[in-house]
Amino acid sequence: MKFDRLNRPCIALAGAIALLAGCQQAPESGNTTAPKPSATPTPTGVRALPEAEQLKLAFRTAYGKDGAAQVQEDDAGVINVKPGQLLWIGDTAVLLSPGANESDCHACSGALAIAYLKPEGDGFAVTGKWPTLVRGSGWGAVPEWRVVDTFTENPAVYVESGDTAQGYSCGGASITELTPDGPVQSERVWLSSSNEGAVDETTGKTFGGEPLIRLEGKITDIVKGKSFAVQASGTATFVERYEYRDGKFVPVQKESRLSC
């Protein structure tokens with residue numbers, strides 16, 4: 001094997017430490033020290049409190065009392081609310097407080113009061129209140145509510161409710177998205193319709209001559225933040241659709257066959 005002239009001194013004096021250091025350069029290592037993962041910031045102020053304490057403090061800040069309070073807005077009557085759940089949407093705290101109506105009349109509904117708060121020192125400051133935006137069925141009952149993440153990018157409050165009068169009944173759902181700027185309620189989603197209570201057993205029709213109607217709808221084909229469908233079955237089978245436009249869900253059809 002032949003070597004270049006300039007390399008011969010290095011070969012001849014291979015045992016010399018100085019020339020070894022000059023001729024044999026250590027290869028660069030491809031390994032670099034991996035950066036240490038940054039630690040999760042330690043919560044401070046009100047966010048450092050246990051969840052139960054945050055809920056208690058938020059309710060006291062919003063309504064001035066612990067454990068229970070009364071709210072009232074428009075024609076909804078007096079609602080007796082209690083602490084329900086506290087959610088964080090970014091740096092905004094959202095307080096959900098379910099309540100029964102003080103009156104138990106047929107047309108009197110309970111409500112889920114919503115309050116938005118921001119951290120302020122070791123406590124909260126209220127930035128907005130919607131005491132009766134989310135309502136339930138009649139007889140003063142507390143709404144059957146739950147927080148879902150299936151319809152919208154932000155959490156949403158889902159409530160089903162209905163009404164019956166003179167043998168006719170219908171039901172639907174409200175979807176209220178909890179955006180950072182405030183709650184946004186979509187148009188009502190109709191889910192059931194029946195005239196069964198008004199149908200004469202002999203004729204099989206109502207006093208107005210309508211045949212029996214018994215329809216039940218089920219929400220299907222949910223595309224988060226875009227659309228969903230209501231599949232109706234019973235005395236008829238059909239599909240109604242809702243699309244997300246300008247921040248809320250609206251019906252594609254002009255009128256729902258499941259509405260009252």
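Against which strands do the buried residues of helix 3 pack?

1. Basis of the note. This is a predicted model, in which local features need pLDDT of at least 70, side-chain atom pairs count only at pLDDT 80 or more, and totals for chains, interfaces and linings use all residues. Residues are numbered from 1 along each chain as its sequence is written, and side-chain values use heavy atoms, with hydrogens and water left out.

2. Overall composition. The protein contains three helices and 15 strands; these elements are DSSP runs numbered from the N terminus, with helices being H or I of at least four residues and strands E of at least two. Of its 260 residues, 36% count as buried. Here buried means under 20% relative accessible area, exposed means over 50%, and partly exposed lies in between (1.4 Å probe, protein chains only). The exposed surface comes to about 16000 Å², of which carbon and sulfur atoms supply 51%; accessible areas come from the Shrake-Rupley method with a 1.4 Å probe, and for residues only the protein chains shown count as cover. Among contacts with a separation of 6 or more, 44% involve residues 24 or more positions apart, where contact means heavy atoms within 4.5 Å.

3. Helix 3. The buried residues of helix 3 pack against strand 1, strand 2, strand 3 (85-89), strand 4 (92-101), strand 5 (111-120) and strand 6. Those buried residues are Gln 54, Leu 55, Leu 57, Ala 58, Phe 59, Ala 62 and Tyr 63. The 13 residues of the helix (residues 51-63) should span 18 Å at 1.5 Å a residue, and its end C-alpha atoms are 18 Å apart, which agrees. The expected span is 1.5 Å times one less than the number of residues. After helix 3 comes Gly 64, with a positive phi near 75°.

4. Salt bridge between Arg 135 and Asp 75. Four salt bridges are found in a search of the whole structure, the criterion being a side-chain nitrogen of Lys or Arg within 4 Å of a carboxyl oxygen of Asp or Glu. One of them joins the side chains of Arg 135 and Asp 75 at 3.5 Å, N to O. This pair links distant parts of the chain, 60 residues apart: Arg 135 belongs to strand 6 (residues 123-135), while Asp 75 sits in the loop between strand 1 (69-72) and strand 2 (78-81). Arg 135 is partly exposed at 32% relative accessibility, whereas Asp 75 is exposed at 67%.

5. Two further salt bridges. The side chains of Arg 214 and Glu 196 form a salt bridge of 3.0 Å, N to O. The two residues are 18 apart and link distant parts of the chain, with Arg 214 in strand 12 (residues 214-223) and Glu 196 in the loop between strand 11 (189-194) and strand 12. Arg 214 is partly exposed at 38% relative accessibility, and Glu 196 is partly exposed at 41%. Arg 245 and Glu 243 also meet in a salt bridge, at 2.8 Å, N to O. Arg 245 is partly exposed at 40%, as is Glu 243 at 34%.

6. Thr 152. This residue occupies the loop between strand 7 (145-148) and strand 8 (156-165). Thr 152 counts as buried because its relative accessibility is 2%. A polar atom of the Thr 152 side chain lies 2.6 Å from the backbone oxygen of Asn 154. Leaving aside neighbours within four places in sequence, Thr 152 is in contact with Glu 177, Lys 224, Gly 225, Tyr 244 and Phe 249.

7. Disulfides. Two disulfides are counted, each defined as a pair of cysteine sulfur atoms within 2.5 Å. In the disulfide of Cys 105 and Cys 108, the sulfur atoms are 1.8 Å apart. The torsion about this S-S bond is about 90°, so the disulfide is right-handed. Cys 105 is partly exposed at 29% relative accessibility, while Cys 108 is buried at 15%. Cys 170 and Cys 260 form a disulfide with sulfur atoms 1.4 Å apart. Cys 170 lies in strand 9 (residues 168-179) and Cys 260 in the segment after strand 15 (248-251), so this pair ties together parts that are 90 residues apart in sequence. Cys 170 is buried at 9% relative accessibility, whereas Cys 260 is exposed at 70%.

Definitions and conventions:
Polar contact = N/O pair within 3.5 Å; in protein donor to acceptor, adjacent residues only side chain to side chain.
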